[in-house]
Amino acid sequence: MPLTLEIVTPEARVYSDVIETVVIPTVQGEIGILPGHIPLLTQVTAGEMRVTTKDGRTEYLAVGDGFAEIDGDKVSVLAERAINEATIDEDAVQKAQARAEEALRTRDQLDPAEVERLEGIVRFSVAQLDLKRRRR
Amino acid sequence: MASTRDIRRRIKSVKNTRQITKAMELVAASKMKKAQSAALAGRPYAQLLASMLASLASRVEESAHPFLVKREVKTRGILLVTTDKGLCGPLNANLFKLVSEIKTPAKFVAIGRKGSQFLARTQRDLIADFPVHDRVPFNEVKVAVEFLMKQYLEGVVDTVEVIYARFKNTLVQEPIIRPILPLSNVAEFQALVDPKSVNADTRDMLFEPSAPAVLDALLPFYVNRYLYQVVLSAKASEHSARMVAMKTAKDNATKLVGELSLEYNKARQAAITQEILEIAAASFSAA
C-alpha cells in the first residue's frame with residue numbers, strides 16, 4: 001500500500017503524488033514515514049523534507065512551520081510555506097532573509113504577530129539555503 | 001412635452017453617470033479577479049486544516065482544551081463581516097437580515113464599516129470593530145480573531161459565530177452564519193465539506209510532542225486560518241457584488257440614453273415641422 005503525500009500551503013497545493021517514503025522535520029527531530037505508519041499528528045518545523053518517489057528518485061523540499069497528519073496511507077503536510085529544491089532562487093532567498101532580519105532589528109516596536117511572521121520567514125530562508133548548499 | 005434643451009441636459013447627465021459606473025465596474029472587476037483567486041487558492045489549505053482537526057477532535061476528550069468544551073450559551077459572540085463601502089447591491093442588506101433574526105442576547109464584533117454602522121444604528125452590543133484593508137493582510141484579521149478568542153476564554157461570550165457573504169461564484173454570494181467556537185461540531189462540519197474523507201485508520205492516534213501541545217498549537221491556528229479564509233471569501237463576494245451592481249447600473253444608463261435620444265429626436269423633428277408650417281403660412285398670407 002503506497003503512501004499519498006500532499007503538501008498544502010495557504011497559496012497553493014505544492015505537492016500531491018503517490019510516494020514510497022518521506023522524511024519530515026518535526027519539533028522533535030526528523031521522522032521517516034513508511035507505509036503502514038500509525039496515525040500521527042505532529043508539529044512541523046522549518047527544515048528539509050526528503051521524498052522518495054515511486055520510481056526511487058529522491059526529491060528535496062524546504063518547508064516552513066506547520067502541521068503534519070498521517071492517517072492510513074495519507075500523509076498531509078500543512079505548512080506556512082513550501083518549495084521544491086529545484087526552484088529555490090538563492091539570491092532572492094538571501095535578500096528576503098536580509099529584509100526580514102532588518103525588520104526584526106526593531107522588534108520592540110512591532111506587534112507580536114508581525115514578529116512571528118518575520119521569524120517564520122527567517123527560519124524558512126535558513127532551511128532553504130541549508131538545503132541548497134548541501135545539495136551542491 | 002419637455003423642451004429639447006431639458007432633454008439634452010438629461011442625456012448629458014445620464015452619460016456622465018454611465019461613465020462613472022463603467023469606471024467603477026472596471027475597478028471592481030480587477031479587484032474581484034485578485035480577491036477571487038486569493039479566496040480559491042486558500043480553500044485547499046483551509047479544508048485540509050479542517051479535516052486534520054476533525055480527525056483530531058474525534059480522538060480526544062472534550063475537556064482536553066477549552067475550545068472543545070460546550071458551555072451553556074448565555075451570550076453569543078458574533079463576528080459580522082461586511083464591506084467598508086456601499087454600492088454593492090443587496091450584499092450588506094442580506095447580512096443585516098441575518099443579524100435581525102438574532103433575538104437571543106449577543107455581543108458583536110464587526111469587520112467592515114457598514115457593519116459597525118448598522119450595529120450602532122440598531123443599538124446592538126458592539127464590543128469592537130476592526131478595519132481590514134482590501135488586500136486582506138493576515139495580521140489584520142489575526143488581531144480581530146485574537147480579540148474574539150480572548151473574549152471567549154474569559155467567558156464574556158459563550159460562542160463565537162461568524163456572519164458573512166460566502167463567495168460561490170461571481171453572480172451568487174450567499175449570506176451565511178457559521179459557528180466557530182466551541183469546536184465540538186467540527187466533525188459534522190467536516191463531513192459536510194468533504195464527505196469522502198472519513199477516518200481511514202481506526203488505530204489510536206499518536207500526538208507529538210504531546211496531545212495538549214498539539215491542541216494548543218493547532219486549535220487557535222485553525223480558528224485564525226478559518227476566519228482568515230472567511231474574510232477572503234467576504235472580500236471576493238464584495239467585489240463580485242459590486243461589479244455586478246455597477247454593470248447593471250451601466251446597462252440601465254445605456255438604455256435610458258437610448259430612450260431619451262429617441263424622445264429628443266422626436267421633439268426636434270416636431271419643432272422643425274412646426275417651423276416650416278409657420279414659414280409656409282406666413283408666405284401664404286403675404287402673397
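The dialogue below walks through some features of a predicted model with chains A and B.

Q: What should I know about the numbering and the limits before I start reading?
A: Residues are numbered from 1 along each chain as its sequence is written, while chains are lettered from A and ligands numbered from 1 in the order in which they are written. Since this is a predicted model, local features need pLDDT of at least 70 and side-chain atom pairs count only at pLDDT 80 or more, whereas totals for chains, interfaces and linings use all residues, and side-chain values use heavy atoms, with hydrogens and water left out.

Q: How many helices and strands does chain A have, and in which pattern do they follow one another?
A: Helices (H or I, at least four residues) and strands (E, at least two) are DSSP runs, numbered from the N terminus. Chain A holds two helices and nine strands, and read along the sequence they follow the pattern β-β-β-β-β-β-β-β-β-α-α. The radius of gyration of chain A is 16 Å, close to the 14 Å that the globule rule gives for 136 residues, so chain A is as compact as a globular protein of that length; here the radius is taken over C-alpha atoms, and the rule is 2.2 Å times the number of residues to the power 0.38.

Q: Which elements make up chain B, and what is its radius of gyration?
A: Chain B has six helices and six strands, which run α-β-α-β-α-β-α-β-β-α-β-α from the N terminus on. Its radius of gyration is 28 Å, well over the 19 Å from the globule rule for 287 residues, so chain B is more spread out than a compact globule. Along the principal axes, the C-alpha trace of chain B spans about 115 × 40 × 30 Å, and the C-alpha atoms of chain A fill a box of roughly 50 × 30 × 25 Å.

Q: What share of each chain is buried?
A: A residue is called buried under 20% relative accessible area, exposed over 50%, and partly exposed in between (1.4 Å probe, protein chains only). In chain A, 51% of the 136 residues count as buried, and in chain B buried residues make up 45% of the 287.

Q: Is B:Tyr45 buried or exposed, and what is it in contact with?
A: B:Tyr45 is found in helix α1 (residues 4-57) of chain B, and with a relative accessible area of 2% this residue is buried. Leaving aside neighbours within four places in sequence, B:Tyr45 is in contact with residues including A:Val8, A:Pro10, A:Leu78, B:Phe221 and B:Arg225. B:Tyr45 and B:Gln229 are 184 residues apart in sequence, and their C-alpha atoms are 9.3 Å apart in space.

Q: Which strands pair with β4 of chain B?
A: Two strands pair if DSSP finds at least two bridges between them. Strand β4 (residues 159-167) of chain B is mostly covered, with eight of its nine residues buried. Strand β1 (residues 76-81) pairs with β4(B) in the parallel sense over five bridges, and B:Gly77 stands opposite B:Val160 in β4(B). Strand β5 (residues 173-181) runs antiparallel to β4(B) and is joined to it by eight bridges, with B:Ala165 opposite B:Pro175 in β5(B). A hairpin joins β4(B) to β5(B) through five residues.

Q: What is phi at B:Leu87 and at B:Val136?
A: At B:Leu87 phi is near 55°, a positive value in a residue other than glycine, and B:Leu87 counts as exposed at 54% relative accessibility. Phi of B:Val136 is near 55°, and B:Val136 is buried, with a relative accessible area of 3%.

Notes:
Contact means heavy atoms within 4.5 Å.
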